[in-house]
Amino acid sequence: MGEDGAVTSAPQCPEGPTPSPRLIATDLDGTLLRDDKSVSERTIAALAAAEEAGIEVFFVTGRPARWMGVVSDHVHGHGLAICANGAAVVDLHGEPKFVEVRALPRSTALKVAQALRAAAPGTSFAVELTTGINYEPAYPPFFQDPGAHVATAEKLLSEDTDEDCAPVLKLLAHHAELAPDEFLTLARSVAGSYASITRSSPTALLEVSGPDVSKASTLALCCEERGISPAEVVAFGDMPNDIEMLAWAGTSYAMGNAHPAVIEAASGRTVANNEDGVAVVIEQILAGLVAGSGTEL
């Protein structure tokens, strides 16, 4: 969900020549998805056209694998998505399957929790695992999970818990009073040496991943496996958890509804998510490929 005035005019394209992309990497919430969490028909068509043109599409999101049903029908070919801010690569063909996990060590998550409790009293925590989510009693019930365990972060992160075989993907930290960016700055100052800390919510909800784990670093690994360079990637995003990915990609677009820091990090800007900003750029890319080849539409 964005935090800046929406742009509804034509996209502002990056300056200079742009190589023909081989991969499109797009965030979901506030970017590819409309605010009602739907994928528009225009966007569905653009994604399919990109894949047909030989351009791979990767969904790169903070969402856990169990929340990927909204786009699972729109993966083509490889069927892979990067979830939990880079902590997991997931195969969305059929039931989601973890292909790779970049876990947050429980001892590291506990250090972060203790540092945040000391620096920001009133912080509550949830623990995102490959098997689901558990949370503290004070953690806001954003999404009820009937299978969740409710206990202190210290208990949930204990090495001898019943779920010690389930890797931790993210530690979530919420504060009811601090401003979102203020909380992020504070958390990075007291715990940034332990883990990667970012946010994607309009509330003061932080997402903590393993050291050096981000959308960008996992996307880079996936691209390296495919022999795809950063210059051949076009990326889209709207919130601080997208910044590293947008800076890494050779061409990147902040959504019209993006956070100011995201706009600064991206090389271009498209229209808002509710105006199908990702589809607008994909259509322009494909039209340029057709014009360059001399093929008639």
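**Entry 1**

Which residue in S4 is the bridge partner of Leu80? I looked this up and found Asp91. I note that the model is predicted: local features need pLDDT of at least 70, side-chain atom pairs count only at pLDDT 80 or more, and totals for chains, interfaces and linings use all residues. Residues are numbered from 1 along each chain as its sequence is written, and side-chain values use heavy atoms, with hydrogens and water left out.

I took helices (H or I, at least four residues) and strands (E, at least two) as DSSP runs numbered from the N terminus. I counted two strands as paired if DSSP finds at least two bridges between them.

S3 and S4 pair in the antiparallel sense over 4 bridges. They form a hairpin with 4 residues between them, and I found a positive phi of about 55° at Ala84 in the turn. S4 is also joined by 4 bridges to S5 (residues 97–101), and these two run antiparallel. In that pair, Val90 has Phe98 in S5 as its bridge partner. The S4 and S5 hairpin has 5 residues between its strands, and Gly94 in the turn takes a positive phi of about 70°.

I then checked burial, where buried means under 20% relative accessible area, exposed over 50%, and partly exposed in between (1.4 Å probe, protein chains only). Both faces of S4 are covered, with Ala88 and Val90 buried on one side and Val89 and Asp91 buried on the other.

**Entry 2. Helix H6**

I looked up H6 (residues 215–226), which has 12 residues. From first C-alpha to last it reaches 17 Å, close to the 16 Å expected at 1.5 Å a residue; the expected span is 1.5 Å times one less than the number of residues.

Which elements do the buried residues of H6 pack against? I found strands S1 (23–26), S2 (56–60), S3 (80–83), S4 (88–91) and S11 (233–237), together with helix H7 (243–248). The buried residues of H6 include Lys215, Leu219, Cys222 and Cys223. I also recorded that Lys215 is linked with Asp27 and Asp242 in a network of salt bridges.

At the start of H6, a side-chain oxygen of Ser214 reaches to within 3.3 Å of the backbone nitrogen of Ala216. Just after H6, Gly227 has a positive phi of about 70°.

**Entry 3. Ala113**

I located Ala113 in helix H3 (residues 106–119). Ala113 is buried, at a relative accessible area of 0%. Leaving aside neighbours within four places in sequence, I found Ala113 in contact (heavy atoms within 4.5 Å) with Phe125 and Leu171.

**Entry 4. Salt bridges**

I searched the whole structure and found 14 salt bridges, each a side-chain nitrogen of Lys or Arg within 4 Å of a carboxyl oxygen of Asp or Glu.

Arg34 forms one with Asp276, the closest N and O atoms being 2.8 Å apart. Arg34 lies in the loop between H1 (28–32) and H2 (41–52), and Asp276 in the loop between S13 (268–269) and H9 (277–293), so the pair ties together parts 242 residues apart in sequence. Arg34 is partly exposed at 28%, whereas Asp276 counts as buried at 6%.

I also noted a salt bridge between Glu154 and Arg117 (3.3 Å, N to O). Glu154 lies in H4 (residues 153–156) and Arg117 in H3, so this pair ties together parts 37 residues apart in sequence.

Technical notes: Polar contact = N/O pair within 3.5 Å; in protein donor to acceptor, adjacent residues only side chain to side chain.
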